[in-house]
Amino acid sequence: MSSSEDDRSTPPAGDGAGDWYVDDRCTNCDVARQLAPGLIEEIDGRSEVVRQPQGAVEEGQLHAVAFACPTRSVRRKGGRVAAELDPFPLRLDDAVSLCGHNARQTAGANAYLLRRPGGTQVMVDTPRFGEELAARFLADGAVTDVLLTHRDHAAHGRRYADRFGARLWIHEGDLEAAPDADRVLRGIEPTEVVPGVVAHPLPGHTLGSVLYVADERYCFSGDSFFWSRELGDIEVAESVTWYSITELAASLARTAGGLRFSWLLPGHGDRRHLPEAEMGRRMRELTARTQTLEPRPVDFTAVRW
C-alpha cells in the first residue's frame, strides 16, 4: 500500500494506540467478519470493530483480518501490523489452506491451496498477486494447477500460473475472462482435472461457473453457494446471480445428488465443516429451495451473509 493510501484513512478516537478500527475504504466484502466474528460485525452497510480483542487468540484473528482485507481497511492505531504476524497461508485442516490477501479485483474473494498426496498443490481461485506471496505459497510444495471457479475470480490467474509453471483452468462459458487458459472445461459433464479432483460445471451464478470437489471431502463452490451465518445453512446468493437463477436451480438439480463432501469452501461467505451425511441433506434442501426462486435484479446489499 502506498503512503497516499495510508493518508486517506483517519482512525477514530479511541482509548489507546493499540485500538483496532476499520477505515472508510471498506467495501463491505465480508472477509473481516468471516475471520473475526464477534469482533467485527456489519453496521450500516460496512464492517466495524464492535469489540477490541481480548487475549492472544482474538488478537491473532485481527492479525489475519489485517492481511486478508482486500482494501487493507482493518488497521490498528499507532501503525501497521508487523509482516511477521501474517498467518497466511492459514491451514484449515491437513490438506487445505486459506490463502488470505484477498484481491480487490476479485471483490475480495477467498482463494485456497489444496495439498495433494504426492506433495504438490493446487490453487483454487486467486489472491492478490505478489512475488513474496507466491514464494510463500510454494514453500509447502510446487503448485501444478490453478483452478478458476468462474470469471469473477480470474484476475490474477495467469500471473500465478506463470509464476508457478502451472496449468490455468477455466470453463468455456467464462473463457473471455481468461482467454489464454491452458485447459478449458467444456459442457456440463464432470471432469477429473487432477487425480482426485473433479470439476462439476454448474452454470447459474455465471455461465461458466464450476465446482471443484476433491477426494469426496472438499467442495470449492466459488460463488454458486456458501454457508450463511445469518441463516445457519447453505445458501445461494440469489441477489448476485449474474447469469440465471433458473439455470442455477437446474444445475443443482442435476448435480447436487451426486456430490460427496464434508467441507464447504466458497469464494464469498462462510466456510463450514459438517458430516458428509448432513452436508448431503442440506444440499438436497438447498436444491429444493432454489427451484422456487424467481429472477431478480442484482443487489449486493440483499445478500444474507
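**Close-up views of a predicted model**

View 1. Arg-158 counts as buried, because its relative accessibility is 19% and the cut-off for buried is under 20%. The model shown here, and in every view below, is predicted. Arg-158 forms a salt bridge with Asp-182, with the closest N and O atoms 3.0 Å apart. The pair links distant parts of the chain, 24 residues apart. Arg-158 sits in helix α5 (residues 157-164). Asp-182 sits in the loop between β10 (167-171) and β11 (183-185). Asp-182 has 34% relative accessibility, so this residue counts as partly exposed.

**View 2. A strand-to-helix salt bridge, Arg-76 to Glu-59.** The two side chains meet at 2.9 Å, N to O. Arg-76 belongs to strand β4 (residues 74-76) and Glu-59 to helix α3 (residues 56-68), so the contact ties together parts that are 17 residues apart in sequence. Glu-59 is buried, at a relative accessible area of 19%. Arg-76 is partly exposed, at 24% relative accessibility.

**View 3. A buried salt bridge, Arg-25 to Asp-23.** The side chains of Arg-25 and Asp-23 meet at 2.5 Å, N to O. Asp-23 has 1% relative accessibility and counts as buried. Arg-25 is buried as well, with a relative accessible area of 11%.

**View 4. A salt-bridge network.** Seen here are Asp-233, Glu-235, Glu-278, Arg-281, Arg-282, Glu-285 and Arg-289, linked by salt bridges into a network. The model's count comes to 26 salt bridges.

View 5. Rolling a probe the size of a water molecule over the atoms shows where empty space is left. The count here is 1 cavity of 30 Å³ or more. The largest cavity has a volume of about 70 Å³. Its lining is made by 13 residues, and the closest to the centre are Cys-26, Cys-29, Ala-32, Ser-47 and Cys-69. By class, the lining holds 8 nonpolar, 4 polar and 1 charged residues.

View 6. Val-298 lies in the segment after α7 (276-290). Its relative accessibility is 35%, so Val-298 counts as partly exposed. Patch members need over 30% relative accessible area, and Val-298 stands at 35%.

How values were computed
Residues are numbered from 1 along each chain as its sequence is written. This is a predicted model: local features need pLDDT of at least 70, side-chain atom pairs count only at pLDDT 80 or more; totals for chains, interfaces and linings use all residues. Side-chain values use heavy atoms; hydrogens and water are left out. Helices (H or I, at least four residues) and strands (E, at least two) are DSSP runs, numbered from the N terminus. Buried means under 20% relative accessible area, exposed over 50%, partly exposed in between (1.4 Å probe, protein chains only). On a 1 Å grid over the protein atoms alone, a cavity is a set of points where a 1.4 Å probe fits but cannot get out, and a pocket is an open set with protein on both sides within 12 Å along at least five of seven lines; lining residues have an atom within 4 Å of a point. Grid points are joined across faces, edges and corners, and a volume is the space filled by probe spheres set on the points. Ala, Val, Leu, Ile, Met, Phe, Trp, Tyr, Cys and Pro count as nonpolar, Asp, Glu, Lys and Arg as charged, and the others, Gly among them, as polar. A salt bridge is a side-chain nitrogen of Lys or Arg within 4 Å of a carboxyl oxygen of Asp or Glu.
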